[in-house]
Amino acid sequence: MKNVKRYFLGAFMSAALVIAGCGQAASNTTEEPVDTSSLAEPGDFSENLTLKLSGSITKGKAEDGSYVQKRLEEQFNITIENTKVDTWNADQVNLMVASGDLPDTFAFTAGGQTAQQLYDSGLTRTIPKEMLEKYAPRYMKMLSENAPGPIMNLKKGTDDQYLQLIGQYAHVDGLAWGPTLRLDWLENLGIELPGEKKQVGPSGGREKIFFTEGAYTLEQLEEILKAFTFDDPDGNGKDDTYGILPANNNMNWAASLMGAFGIAKGYNFIENDKLVITEISQKYKEFLKLMAKWYDMGLIDPEFTTLDEKLGWEKYKQGKIGYYIAQPAYIAMDDWAKGRAPQNIVESPDSTAKVLATAPEIGTDGQQGLGAYLPVTNLADSFYISKEVTDKQLTRILQIFDYINFDDEARWTLYGEVGVHSDWEGEPEKSALKVRPEYAEQEGNSGFWAYNFRTYSKERVKWFTSEYTLKLKDEFYARADIKEKMLIRPHKWDLLNETNQIEISKRYSGQLNTIVDEFRMKAIVGEVDIDKEWDSYVENWMNNGGKETLGELEKAPVVSDLLSAD
């Protein structure tokens with residue numbers, strides 16, 4: 001993906017040809033029904049089996065004979081052949097697909113193929129529901145508890161054959177983002193806080209970060225941003241601060257601001273009795289007009305047009321920006337979020353900055369919230385079984401999958417033994433686990449995460465999340481009433497792959513995204529008159545695949561119906 005693009009482009013095209021060719025052949029075949037009575041009973045591991053295993057964190061660094069490999073081989077009487085390919089590298093994945101030499105299990109992070117495409121290409125097999133019920137009962141229980149899990153990823157025309165296995169994403173439950181403001185600036189300017197503030201933590205920089213359930217209205221926020229920009233909030237006597245710094249490469253910065261208009265990026269809803277995508281809605285138009293107003297007022301740092309999100313973190317760290325969006329883990333200063341705004345402003349022990357996280361802004365009609373991280377349910381990702389896997393092998397694979405991903409006793413496959421391979425960051429069982437430095441955090445000599453899928457129950461989320469993030473989520477971001485009130489979901493979504501939405505998206509998403517991104521940028525910086533150009537923008541969107549996109553969405557089920565499905 002760097003200096004060898006020509007070579008890998010050829011490889012990618014080869015992969016595409018292989019897939020296309022296999023697809024024609026595979027579409028004419030049907031799989032034989034599985035007679036589970038002829039297979040070994042659960043727990044019968046008397047026959048040694050050789051399995052080529054990989055998982056979600058397979059980056060080609062697994063060392064043969066690792067701690068986890070040896071324990072799994074002994075427990076399940078298997079011989080594991082490790083996957084030496086980096087499955088996070090699209091080029092390496094495409095080469096693997098082109099060759100057809102796939103591991104028995106895989107969860108490619110890169111590659112771009114859908115479950116249906118992999119199956120139609122003759123690269124994967126289906127997983128019978130009967131076998132899952134018999135050999136992976138914990139997994140089936142998880143599906144049943146997360147509607148509409150049991151009917152997701154079924155092969156078309158069947159009600160008992162799954163194209164893939166799916167993960168639980170409890171770590172994204174609740175509000176994924178929220179606004180923050182420089183608390184020391186608010187105090188310097190004598191601006192009243194919207195509610196009682198609470199300290200996020202006692203030390204390590206967390207003592208400088210506070211949270212309140214209170215929220216400012218958009219009108220109040222505008223006045224605050226004006227003060228941050230023009231009233232010398234840092235007291236240095238210079239006109240060198242700005243209220244807000246957007247990013248030029250994504251819309252994370254606007255998550256709660258858009259929520260104050262009742263909208264979320266890429267979602268859809270009913271407006272004036274018609275199904276519309278957010279980006280062509282009247283509500284989105286009003287959001288753009290507010291951002292254009294703020295830019296014209298000088299509240300938005302004009303450098304944002306040249307700064308992506310990561311560069312924005314560095315600009316924020318310079319101490320010249322008053323408002324920034326953040327995830328709960330950012331303000332709780334989890335290790336993986338180090339260097340990100342807004343926590344990076346308080347990381348230094350010498351920093352006198354303070355940060356206040358608030359609830360999402362309140363719009364003129366009382367709307368408050370932001371788009372759900374996943375549109376329908378907290379189920380996501382894909383774990384596949386190779387076409388070459390026999391029913392006999394599948395019985396063993398499903399039992400391993402069920403154990404290491406859904407039995408909490410299998411924590412050792414991720415962190416080893418506590419007190420030997422890892423330690424609690426804080427209070428035992430109530431804080432994150434940290435692997436000791438002599439062991440690899442992933443794969444390597446430990447084998448941690450080498451065969452696991454990316455699936456996280458609420459219990460497992462605790463293993464890699466600080467106690468401070470957990471507290472924030474329990475007290476606000478993932479509290480039941482907050483989710484009920486503030487999570488914005490689309491009106492329709494093709495969760496069950498019942499339409500041609502995937503193909504339509506592949507065909508048109510590139511040009512539609514370009515149209516949206518270009519208009520948004522020009523609208524905010526004042527290069528176009530939003531009111532005068534709006535109809536032309538919408539027409540351009542509709543004529544370049546938007547009409548087809550909306551047409552397919554019309555065929556999709558209503559999200560509220562999906563969430564109530566058995």
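Is Asn250 buried or exposed? I looked this up first: Asn250 is buried, with a relative accessible area of 17%, where buried means under 20%, exposed over 50% and partly exposed in between, using a 1.4 Å probe and protein chains only.

Notes on the source. I'm working on a predicted model, where local features need pLDDT of at least 70 and side-chain atom pairs count only at pLDDT 80 or more, while totals for chains, interfaces and linings use all residues. Residues are numbered from 1 along each chain as its sequence is written, and side-chain values use heavy atoms, with hydrogens and water left out.

Next, the surroundings of Asn250. I found Asn250 in the loop between β10 (242-244) and α9 (255-259); helices (H or I, at least four residues) and strands (E, at least two) are DSSP runs numbered from the N terminus. Its side chain makes a polar contact with the side chain of Glu309 at 3.4 Å. A polar contact is a pair of N or O atoms within 3.5 Å; within protein, one must be able to donate a hydrogen and the other to accept it, and residues adjacent in sequence count only if both atoms are side-chain atoms. A polar atom of the Asn250 side chain also lies 3.1 Å from the backbone nitrogen of Asn252.

Then I looked at a sheet. Three strands form an open, antiparallel sheet in the order β3-β16-β6; strands pair if DSSP finds at least two bridges between them. β3 (105-106) and β6 (165-168) are at the edges with a single partner strand each, so one side of each has no neighbour in the sheet. Two bridges join β3 to β16 (residues 379-385), and Thr105 stands opposite Ile385 in β16.
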